Amino acid sequence: MIFTSQQQADMFFKRIFRKIASQASASTKTKNRNNGFVFATTGLEYTNLARRAARTLRLAMPEAKIDLFTDQEISDPVFNQIHPVDRSGPRPKMCSLLNSRFDKTIYLDADIVVLEDLSDVFDLLEIRPMVGALGVSRRRVEMISYMKGIPHGFPLLNGGFVGIKKCKITKDILTDWDHSFHNSPLRKDQPILRGVLFRHKFIPLVLGQEYNLIKLAILDRWGPHNGAVRCLHVRPLHQAPQLSPKKPISLREFVSPKTYERLVRARQNDQSIKTASPVYDLP
């Protein structure tokens, strides 16, 4: 093609770039159409905590699809769908991941407080069909006793934040994890998951600590250079007074005013954050 002026060439390429951007946007919307989150709980206490966690997630991601797998007979509009767990006993997370209706699923423990949009994790599942948050208790006895011979450097995932894309390898891993857990005297799912992943010779994409920050004492040293925390894994919520399941979990329930300000400053310094998070406005 021959252009008679620079202006004509600029207009031509602008039309081309707009068309490419439009196609890319349509493709992204198609890929993201069936993404969603699942919580999985047994017992009333954990289920009510999940209802609160889901409301906080809904503030961070208003358009998110959120399902609950539970042994409790409840109705709650915060969830798009509620499914009965098809197996009694602890750790229904494997059941929820195996039976999720979504093409890409992020499982969250009931004590995880989502502070930011997690759409980027769904994007990462296009690169690797399983993602997880790094575990921090690698040297605990139960973490090294389940399977001998695993190289120390092989990652340990925290089972509270697991993302999967539906495919044969993730189905095989989840089925093995579920079967191995329910046939093991060990009541910890993390070392069993590590053993299963090693057995399948599969290393998931491992997320940074800001996606599942479980050692809350680290927040005392969290600076602006660390960037925004995406999720906090707040185990003390299990010992806290039980509040209404219709009340979202607020940061101010479990962090000091000084720590809250640290989180705000870190968020303000994070150039990847483009929009406000209503979670920070909770009283």
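Modeller: The chain exposes about 14600 Å², and carbon and sulfur atoms supply 54% of that area, where accessible areas come from the Shrake-Rupley method with a 1.4 Å probe and, for residues, only the protein chains shown count as cover. This is a predicted model, in which local features need pLDDT of at least 70, side-chain atom pairs count only at pLDDT 80 or more, and totals for chains, interfaces and linings use all residues. Residues are numbered from 1 along each chain as its sequence is written, and side-chain values use heavy atoms, with hydrogens and water left out.

Biologist: Why is A240 called partly exposed?

Modeller: Buried means under 20% relative accessible area, exposed means over 50%, and partly exposed lies in between (1.4 Å probe, protein chains only). A240 has 29% relative accessibility, so A240 counts as partly exposed. A240 is found in the loop between β9 (231–233) and α8 (257–268), strands (E, at least two residues) and helices (H or I, at least four) being DSSP runs numbered from the N terminus.

Biologist: What makes α2 mostly covered?

Modeller: In α2, 12 of the 17 residues are buried, among them T47, N48 and L49. The cover over these buried residues includes β1 (35–41) and β2 (66–70), a contact being heavy atoms within 4.5 Å.

Biologist: How do you know that the span of helix α2 is close to the expected one?

Modeller: Helix α2 (residues 44–60) reaches 25 Å from its first C-alpha to its last, close to the 24 Å expected, and the expected span is 1.5 Å times one less than the number of residues.
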